[in-house]
Amino acid sequence: MCPLWTFLRFHGLLLTGRIRFPRRDHAKVFRDGAEAFRVFRMMRVSVADPGRHACVFLARFRPRGMSPALNRWFSLLPIPVFGGAPGLLQKWWLVNDADGSFLGYYRWKDRASAEGYRDSFAGAFMRRRSRGGSVSFRLYGADEAPAPPA
């Protein structure tokens, strides 16, 4: 996954109205075990043949050197680079207000796209800007995945 290509793809999708940031999901909650994560942003990608999502990817981390409030703002900056990833259908940005950890809940068209994202510059970027040992990635097939925020 090339950052320049995903940047250009994101802007093409945005300019044609195929990337949206609906607000209706804000403040919904996702439970990860006993922990509650609150949605603060959501992105939906409309593609020609969305089919049924085949994979859910969860990325959890604690940012290094910034407060949760600052990280919510900072998380806007990489959207144009990561938002154009091939196969990405939806993403929810979530925060655990109790401990300041963050969670990305992604729906992907196929497992290979999710794995490609995890193993690309996107995963490396997340690891570099996070507290040591705080990053975890989990992949699920659509039938075994936790339900999206509700």
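Tutor: Buried means under 20% relative accessible area, and exposed means over 50%. Keep in mind that this is a predicted model. In helix α4, residues 111-119, the buried label goes to S113, A114 and Y117.

Student: What puts those residues on the same side of α4?

Tutor: They cover an arc of only 100° around the axis, so they share one side of α4. On the other side you'll find A112 and D119, which are exposed.

Student: And what covers the buried residues of α4?

Tutor: Several elements, including β4 (55-61), β6 (102-108) and α5 (121-128).

Student: What makes D110 a cap for the N-terminal end of α4?

Tutor: One of its side-chain oxygens lies 3.3 Å from the backbone nitrogen of A112. The cut-off for a polar contact is within 3.5 Å, so that pair qualifies.

Student: Now β6. Why is R107 called buried?

Tutor: Its relative accessibility is 18%, and the limit is under 20%, so R107 counts as buried. Beyond its neighbours within four places in sequence, R107 is in contact with residues including H53, L89, W92 and P148.

Student: How do you know that β6 is mostly covered?

Tutor: Seven of its seven residues are buried. F102, G104, Y106 and W108 point one way, while L103, Y105 and R107 point the other way.

Methods. Residues are numbered from 1 along each chain as its sequence is written. This is a predicted model: local features need pLDDT of at least 70, side-chain atom pairs count only at pLDDT 80 or more; totals for chains, interfaces and linings use all residues. Side-chain values use heavy atoms; hydrogens and water are left out. Buried means under 20% relative accessible area, exposed over 50%, partly exposed in between (1.4 Å probe, protein chains only). Helices (H or I, at least four residues) and strands (E, at least two) are DSSP runs, numbered from the N terminus. The arc is that of the directions from the helix axis to the C-beta atoms. Contact means heavy atoms within 4.5 Å. A polar contact is a pair of N or O atoms within 3.5 Å; within protein, one must be able to donate a hydrogen and the other to accept it, and residues adjacent in sequence count only if both atoms are side-chain atoms.
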